[in-house]
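These are my notebook entries on a structure that is new to me. I set down what I looked up, in the order in which I looked.

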Amino acid sequence: MNSFLSLHTLINQYKTFALTTHVNPDGDAIGSELAFYLHLKKLGKTVKIYNTDPVPTKYQFLPNWENIEDAQAAINYSPEVLIVLDASSRERIGSFLNKRLMPLNSVVNIDHHITAEEFGDYNIIVPDASSTAEIIYNYINSTQIPIDAECALCLYTGIMFDTGCFRYSNTTPETHRIAADLIGIGDFAPDEVYNRIYEQVPLGKIHLLGQTLQTLELSNEGRIAWVMVNQSMLKNTGTTLDDLEGFVNQIQAIEGVEVAFCVCELPDGNTKVSLRSEGRVDVAALAAEFKGGGHERASGCRINHSPTSAIKLLLDSANQRIKDIR
Ligand SMILES: [Mn+2]
């Protein structure tokens with residue numbers, strides 16, 4: 001693992017570090033940041049974490065989450081190395097952090113997204129890894145520093161989240177071996193982590209899900225399914241875009257559905273799209289048509305049209321792709 005060796009050398013060379021991740025950080029983003037933070041602290045480094053968006057409440061059980069600072073706080077800190085985790089592209093860390101932290105002497109980019117851009121001076125991109133947390137597990141294990149109980153909890157959370165609780169196709173025997181090792185090291189119960197991530201659903205989100213399911217439509221003899229969320233639904237349930245997490249999976253779970261998408265109207269009238277595939281249609285390629293990205297089975301994009309027009313465009317592409325596989 002040459003890239004691990006060069007990262008190790010780089011970390012030994014410098015004293016001051018900043019960590020960041022993508023906007024709307026998820027379990028893998030936060031877990032990976034906190035695990036790397038703990039690792040660097042153990043080495044006696046000065047480490048700060050700056051995120052564009054706040055830590056979602058459900059991750060506020062992870063050790064040191066309160067040390068994650070708002071992007072604006074980076075104005076007072078000039079670290080030697082910036083480590084970007086799970087971000088896919090430099091734009092996804094947010095514009096302020098891009099201007100403030102990117103022009104440093106060393107940028108390390110660690111990611112598992114198949115569409116990840118090599119924007120760093122050092123890029124460790126492992127598309128076979130289930131999550132960024134899995135890459136960090138392997139990295140820390142390649143050093144002489146042991147993974148401790150707190151670090152194990154952060155990494156386990158990242159892996160659990162990005163594999164949808166070991167359900168998605170990115171789950172490998174290696175993922176399970178790593179998870180088993182982390183459970184052995186940590187002093188957490190896996191079902192408690194599950195409860196934290198999946199069973200703290202705000203009531204408003206359930207109301208939003210109810211309204212969203214009312215919009216369900218199917219096409220192509222039930223092979224394509226979609227739902228549509230507008231701004232007034234978010235307003236009347238007191239929810240935000242983040243609360244849409246998981247909705248598209250419910251639609252994809254319908255018997256016979258090959259491609260599912262959830263379109264949401266943005267405040268500017270444009271549309272945010274989440275896509276899922278049963279496995280035969282590559283929705284990363286579909287999202288790429290609209291400059292989006294992700295995985296073959298789970299992707300997303302933004303379309304500069306109203307939701308209704310966006311649905312037409314998505315249907316055209318999905319119908320064509322289904323024709324191609326048949
Ligand atoms: Mn990830």
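Which residue in E8 stands opposite Ser219? I looked this up and found Ile224. I note at the outset that the model is a predicted one.

**Entry 1: the mixed sheet**

I placed that pair in its setting. E7 is joined to strand E8 (residues 224-229) by 3 bridges, and the two run antiparallel. Helix H12 (residues 307-325) packs on the sheet and touches E7, E8, strand E9 (259-265), strand E10 (271-277) and strand E12 (298-303). I read the direction of H12 as making about 165° with that of E9. The sheet itself is open and has 6 strands, ordered E7-E8-E9-E10-E12-E11, with mixed pairing. I then looked at its edges, where strand E7 (217-219) and strand E11 (293-294) each have a single partner strand, so one side of each is left without a neighbour in the sheet.

**Entry 2: the parallel sheet**

I turned to another open sheet of 6 strands, in which the order is E3-E2-E1-E4-E5-E6 and the pairing is parallel. Its edge strands are strand E3 (68-70) and strand E6 (122-125), each pairing on one side only.

Next I followed the pairing of E4. Strand E1 (residues 16-21) runs parallel to strand E4 (residues 81-85), with 5 bridges between them. Thr21 has Leu85 as its bridge partner in E4, and Thr20 has Val84. E4 and E5 also run parallel and are joined by 5 bridges; here I found Ile83 opposite Val108 in E5.

I checked the helices on this sheet as well. Helix H2 (residues 27-42) packs on it, touching E1, strand E2 (46-51), E3 and E4, and the direction of H2 makes about 170° with that of E1. Helix H4 (residues 132-142) also packs on the sheet and touches E4, strand E5 (106-111) and E6; its direction is at about 115° to that of E5.

**Entry 3: burial**

Is E4 buried or exposed? I found 5 of its 5 residues buried, so E4 is largely enclosed by the rest of the structure. Val81, Ile83 and Leu85 point one way, Leu82 and Val84 the other. I recall that side chains in a regular strand alternate between the two faces of the sheet.

H4 is likewise largely enclosed, because 8 of its 11 residues are buried. Among these I list Ala133, Ile136 and Tyr137.

**Entry 4: the cores**

I looked up the largest nonpolar core, which has 53 residues. Leu19, Ala35, Ile83, Ile136, Leu155 and Tyr156 have the most contacts inside it. H5 gives the most to this core, with 9 residues. I traced the contacts of Leu155: beyond its neighbours within four places in sequence, they are Gly31, Ala35, Ala133, Ile136, Tyr137 and Leu182. A second, separate core has 34 residues, including Leu209, Phe261, Ala310 and Leu314.

**Entry 5: H5 against H6**

How do the two helices pack? Helix H5 (residues 149-162) and helix H6 (residues 173-185) pack at about 145°, and their axes are 8 Å apart. I noted the crossing as left-handed. From H5, Ala149, Ala152, Leu155, Tyr156 and Ile159 take part, and they meet H6 residues including Ile178, Ala179 and Leu182. By class, this contact has 10 nonpolar residues, 1 polar residue and no charged ones.

Key
Residues are numbered from 1 along each chain as its sequence is written. This is a predicted model: local features need pLDDT of at least 70, side-chain atom pairs count only at pLDDT 80 or more; totals for chains, interfaces and linings use all residues. Axes are lines fitted to C-alpha atoms, for helices over the stretch in contact, and angles run from 0 to 180 degrees between N-to-C directions. Helices (H or I, at least four residues) and strands (E, at least two) are DSSP runs, numbered from the N terminus. A crossing is left-handed if the near helix is turned anticlockwise from the far one by less than a right angle, and right-handed if clockwise. Two residues are in contact if their C-beta atoms, placed from the backbone, lie within 7 Å. Ala, Val, Leu, Ile, Met, Phe, Trp, Tyr, Cys and Pro count as nonpolar, Asp, Glu, Lys and Arg as charged, and the others, Gly among them, as polar. Two strands pair if DSSP finds at least two bridges between them. A nonpolar core is a set of buried Ala, Val, Leu, Ile, Met, Phe, Trp, Tyr and Cys residues joined through C-beta atoms within 7 Å. A residue is buried if 20 or more other C-beta atoms lie within 10 Å of its own, exposed if 12 or fewer, and partly exposed in between; C-beta atoms are placed from the backbone.
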